[in-house]
Amino acid sequence: MNWKIIFTIAKKDITEARQNRSVWLPILIVPIFFILLIPLSLIIGLIVGGPDAVNFFNDPDLVTFLEKMPPVMSQVLQGLDSVQSILVLVLGYMFAPFFLIMPLMYSTVIASESFAGEKERKTVEALLYTPVSDTELFIGKVMASFIPAVGITWACFLGYIIVLNAAGWPLMHHLWFPLINWYPLILWVSPAISLLGIAVTVLISSKVNTFMGAYQSSASLVVLVLALLVGQITGVLYLSAIVGLLLGVVIWIAGIVLMVYAIRTFNREKLLVSSIS
Amino acid sequence: MENVISIQQLTHRFGDREALKDLSYEVMQGEVFALLGPNGAGKTTTIRLLNGLYTPAQGSIRVLGMDPGSHGGEIRRQTGVLTETNALYERLTARENLRFFGTLYGLPESVLLKKIDEVLSFFALEARADDRVDTYSKGMKQRLALARALLTEPRILFLDEPTSSLDPESALQVHELIESIRQNDGHTVFLCTHRLEEAERLADRVAILNSGKLLALGTLDELKKKYNPGLWVEVKLMEPLKGKITGNTCRGLLKVEQSAVQLKVQVEEEDAIPALVTALVGQNARILGVEQQRVTLEDIYFKLQENAREGAK
């Protein structure tokens, strides 16, 4: 296996994806909302509104939710006033699943561009006439999605850390973020979910001939993460460090199994025949 | 001369449909070999089989002495393919496209950069080398696709419909480039086309395909001799002929089409022409000119395609 060739394919696909507005626009817009606009609006609201703003959250559902909170989280909230508690709860806790939507979205959009997009633009044939092996081609394309998906998610997380600590300083007066449960989520679960997103997109791309078709189908995986989000908000499933680690194991296994299946079924002849039909 | 491609009893199927049926032929080192046929004849399928992109249903293939099924990568390292659609990365520049493909062929960086400059210059693209390909005209894109196919100095150059989407001026330019590539470097060229004039202009030998079947194979002269649809003579007259020319007027006349001031006569051999002219003079015909009509590849092609259609009925 020639790694120079694999990196060349990955680099070319990343360059192409960067030039496609349908790819970079969602990649740009989502972090603007999740790491800038929404956190800043909440923090500014809490700073300006003070305890009055807290009353907004003081409804019976939230009270039930606080009662169900696991001991680890209760410890985190110990000693915090009501304004600080809201900040930690919403941005330090409920927001966590959004950082699983990001790698999933990034990996599916880039993989759709890389696999189905290349078929759609009919550039795949010239690529297949090169001496590159099927495995090198496959790994190159997977890396073209995996590296940016994980990299951008991590960069967004760094941005989120800065925004929360800097903007939240007037309320917290110390560096309080990230909380312990975020580490497995970001370092372990988000790469796993990127791999799963890519594997599903590759399998869908073998049946679909357009970038949008592949992206729309694979993006339905977001439902899984939305389930986690609902679980988190309703208190049914709390994404603690242990849950994060276990969740990661499940997603890694699913991603690897699907990826092995995808690589076994990936070959030049199928790719050409499916792009003709 | 050694063969670089050898196909024996090759059959290929897509599902139940036979795309190629029992083909056998060879392509020699240094020749321009044209595979001629209408859309769907099996031309692109042949190129894909020869480069190991498809596995044949039956028969054997040898390209540069290797089996594409087991040595596809090694064969592709020594061939260059101009695909039917130019298959260029339009969001990248010409230089980025060439660099990408050159790296995939394993060319060392220093050699690759030099080769890129050479092909860009040869195809007159150096002034726009750093512009995105989506700003190029169709003719420029086709030249760049040709440059890509030649970047690695392939032993066999496959050209799949190289001018089908081009205007006449760009097509002429591409023909001239193909001719100069062949003269300069002695590449073996495997040309797939449905354009008869293209095959006639560029090819040393022609194979005519229809629905995956080989109808004819040979040089243009061999095909003319073998499938000659008859020698036609056109006679232009100054005024209408008073008499009538028929098959019995003189020896060797096969068919006569007579209009006011023009005669089209099919003769058996060239030596029937003087007798025809003598007979016309005998009828006081005032002859402006006598022209022997050249048999073209087009005549042969349409005759063969017609025979194939009638045979299929």
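This is a predicted model: local features need pLDDT of at least 70, side-chain atom pairs count only at pLDDT 80 or more; totals for chains, interfaces and linings use all residues.
View 1. Helix α4 of chain B takes in residues 109–122, and its 14 residues reach 20 Å from the first C-alpha to the last, which is close to the 20 Å expected at 1.5 Å a residue. After α4(B) comes A124(B), a residue with a positive phi, near 55°.

View 2. The buried residues in α4(B) are L112(B), K115(B), I116(B), V119(B) and L120(B). Because these buried residues fall within an arc of 130° when seen down the axis of α4(B), they line one face of the helix. An α-helix has 3.6 residues a turn, so residues three or four places apart point the same way. On the face of α4(B) turned away from the buried side, the exposed residues S110(B) and K114(B) are found.

View 3. Q305(B) belongs to helix α10 of chain B, which is made up of residues 297–312. Buried means under 20% relative accessible area, and Q305(B) counts as buried because its relative accessibility is 3%. A polar atom of the side chain of Q305(B) lies 3.4 Å from the backbone oxygen of L209(B). Leaving aside residues up to four places away in sequence, Q305(B) touches G37(B), P38(B), I208(B), L209(B), N210(B) and L215(B).

Key. Residues are numbered from 1 along each chain as its sequence is written. Chains are lettered from A and ligands numbered from 1 in the order in which they are written. Side-chain values use heavy atoms; hydrogens and water are left out. Helices (H or I, at least four residues) and strands (E, at least two) are DSSP runs, numbered from the N terminus. The expected span of a helix is 1.5 Å times one less than its number of residues. Buried means under 20% relative accessible area, exposed over 50%, partly exposed in between (1.4 Å probe, protein chains only). The arc is that of the directions from the helix axis to the C-beta atoms. A polar contact is a pair of N or O atoms within 3.5 Å; within protein, one must be able to donate a hydrogen and the other to accept it, and residues adjacent in sequence count only if both atoms are side-chain atoms. Contact means heavy atoms within 4.5 Å.
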